[in-house]
Amino acid sequence: MVQILSDPVEELRSRMRGRVITADDADYDDARRVWNAAIDRRPKAVAMCETVDDVVAAVTAARNGGLEISVRCGAHNMSGSSVVDDGVVIDLRRMNSVRVDPEARTAVVGGGALLGELDAATQEHGLAVPAGIVSHTGVGGLTLGGGMGHLSRLAGLTIDNLIRAQVVTAAGEVLRASAESHPDLFWGLRGGGGNFGIVTEFEFRLHPVGPMIQMGLLFWDLEHASEMLRFARELVPTLPADENVMIVAMNAPLAPFVPQEHQGAPGQALLVVGFGDPDEHAALLERIRKAVPPAWEFATPMPYAALQQMLDEPNEWGRYDYDRSVYLTEITDEVIEVLADELPSKRSPLTIAAFYRLDHAYSAVADGDTAFSGRRDPCYALFLIAVCANEELYSAEREWVQRVSDRLKPLGVGRAYVNGLTDTDASTVAEAYGQATYDRLASVKRQYDPDNLFHRNHNIPPAG
Ligand SMILES: Cc1cc2nc3c(=O)[nH]c(=O)nc-3n(C[C@H](O)[C@H](O)[C@H](O)COP(=O)(O)OP(=O)(O)OC[C@H]3O[C@@H](n4cnc5c(N)ncnc54)[C@H](O)[C@@H]3O)c2cc1C
């Protein structure tokens with residue numbers, strides 16, 4: 001018989017192999033910290049899980065002790081969903097192993113791994129999982145919400161490459177979810193976030209990528225931003241899947257590759273990444289610069305792993321952040337007008353508006369095949385991201401994102417990418433998924449987490 005101790009933290013300690021960190025420990029502040037500096041929460045305990053058994057133990061002890069649970073992988077979620085006041089953080093960061101099978105082109109990845117760890121292991125074999133564009137993002141949260149980045153056009157979302165997942169449920173059971181085993185759970189995990197359990201292991205399909213790729217960053221000042229957008233909206237949908245273009249309203253980096261007179265200036269950039277023939281990529285850059293000459297550019301071959309780290313520094317830990325996302329089928333004149341109107345009034349040089357192009361492999365998956373919070377027709381996901389180096393600018397920048405997204409939403413196609421939403425209130429979540437996906441998610445939730453134990457997320461309450 002298992003004895004239940006009256007102090008839930010003591011019960012947690014007695015059940016776990018990994019450390020349990022509390023406010024009495026010197027590293028408590030480090031352990032509870034998340035990427036978004038605007039979030040400051042004080043959990044009762046941080047359970048540093050090392051094994052699946054530890055995760056089962058933590059879930060069981062928290063449930064028995066009536067403590068709220070949050071689940072932490074890379075701690076990037078802007079809402080701070082991975083840390084909870086007075087509850088237990090089930091921290092997976094030690095469960096970060098990556099095992100690659102180069103013959104089968106698969107990787108088995110711990111539920112707490114970071115994208116950089118995944119890329120490092122897969123790139124040893126010239127392989128990759130399509131994922132995000134900042135290496136300190138967690139595989140866990142990114143995958144469960146969808147996962148988009150430079151490889152989305154070529155190889156789909158991260159979830160489109162998920163083969164199976166090992167999941168610890170609210171009841172403390174360890175399940176294997178795949179197309180054959182618990183297919184409803186497998187469907188829900190591919191877009192439904194952390195609602196259904198704790199994923200301790202993901203298995204992904206890999207694609208040949210790099211190791212060298214072609215990178216071109218071209219930049220226009222604000223005066224020429226609308227002209228560039230009008231050109232880009234014609235160009236981008238026509239490009240082959242092995243050329244990815246991100247369109248980013250940003251300030252020019254304070255970097256040596258930027259001519260001094262342009263450093264820090266606001267404008268629009270195209271980040272063009274070629275995964276195929278270098279000559280075709282060079283011809284594409286030439287076509288762009290001839291059509292709309294940029295203020296400056298930086299083009300170079302680089303390792304794919306370096307591309308995946310290129311944006312780490314501007315997105316380093318300790319930023320104050322607020323995000324919203326909108327899907328747009330086209331960059332219409334109205335969209336360009338809103339951006340031309342609003343971009344000059346953003347105040348933080350780190351705040352950006354980034355279009356991810358989604359088509360080709362992304363659109364080869366049917367709408368209802370996964371629980372992804374977006375339609376699969378070719379489109380752009382536009383991320384409006386307020387990023388501030390300090391708290392002073394934060395509330396003005398947050399209002400900027402809210403205002404711009406309120407203006408763009410009526411021009412979009414509905415829904416929103418949950419991983420691009422800081423707000424987690426019920427109506428935002430329901431709207432992001434759309435009625436059909438939301439209802440189906442709610443019935444999967446009723447089956448696997450009827451008491452809504454896992455609710456620190458973009459929450460889907462159980463149906464009924
Ligand atoms: C700098 C930055 C860059 C980003 N770039 C991209 C990008 O290029 N593409 C993109 O698609 N998204 C991107 N995102 C968004 C990112 O996908 C989400 O913020 C995601 O939630 C981060 O996952 P995480 O594991 O780091 O976060 P965490 O805060 O640790 O986790 C977020 C939530 O996910 C759930 N969760 C995490 N791991 C598990 C697990 N193993 N099992 C069960 N539930 C789990 C939990 O509910 C948790 O609260 C970016 C975010 C940031 C801050």
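Predicted model: local features only at pLDDT ≥ 70, side-chain atom pairs only at ≥ 80, totals over all residues.
**Entry 1: overall build**

I began with the secondary structure. The protein has 14 helices and 18 strands. Next I looked up its extent. The C-alpha trace spans about 75 × 50 × 45 Å along the principal axes. Then I asked what radius of gyration the protein has, and how that fits a compact globule. I found 22 Å. A compact globule of 464 residues would have a value near 23 Å, so the two agree.

**Entry 2: burial and contacts**

I checked what share of the protein is buried. Buried residues make up 52% of the 464.

**Entry 3: the nonpolar core**

I looked for the largest nonpolar core and found 142 residues in it. Ala-47, Ala-58, Val-88 and Ile-90 have the most contacts inside this core. Strand E18, residues 379–388, gives the core its largest share, 10 residues.

**Entry 4: around the ligand**

Which residues come nearest to the ligand? I noted Gly-74, Gly-138, Gly-140, Gly-141 and Gly-194, out of 36 residues around the ligand. By class, the shell has 21 polar, 13 nonpolar and two charged residues.

I then traced where the shell comes from. Strand E3 (69–72), helix H5 (139–145) and strand E10 (198–205) each supply at least two residues. Helix H5 gives the largest share, five residues. Two domains take part: domain 1 (8–91) and domain 2 (98–209 + 434–448) each provide at least three shell residues.

**Entry 5: Lys-445**

I finished with one lysine. Lys-445 sits in helix H14, residues 435–448. Is Lys-445 buried or exposed? I counted 23 C-beta neighbours inside 10 Å. The cut-off for buried is 20 or more, so Lys-445 counts as buried.

Last, I looked up the spacing between Lys-445 and Asp-221. They are 224 residues apart in sequence. In space, their C-alpha atoms are 48 Å apart.

Key:
Residues numbered from 1 in each chain as written. Helix = DSSP H or I, 4+ residues; strand = E, 2+ residues; numbered from the N terminus. Rg over C-alpha atoms; globule rule 2.2 N^0.38 Å. Buried ≥ 20, exposed ≤ 12 C-beta atoms within 10 Å, placed from the backbone. Near = placed C-beta within 6 Å. Nonpolar A, V, L, I, M, F, W, Y, C, P; charged D, E, K, R; others polar. Domains from an automatic or database assignment. Core = buried A, V, L, I, M, F, W, Y, C linked by C-beta atoms within 7 Å.
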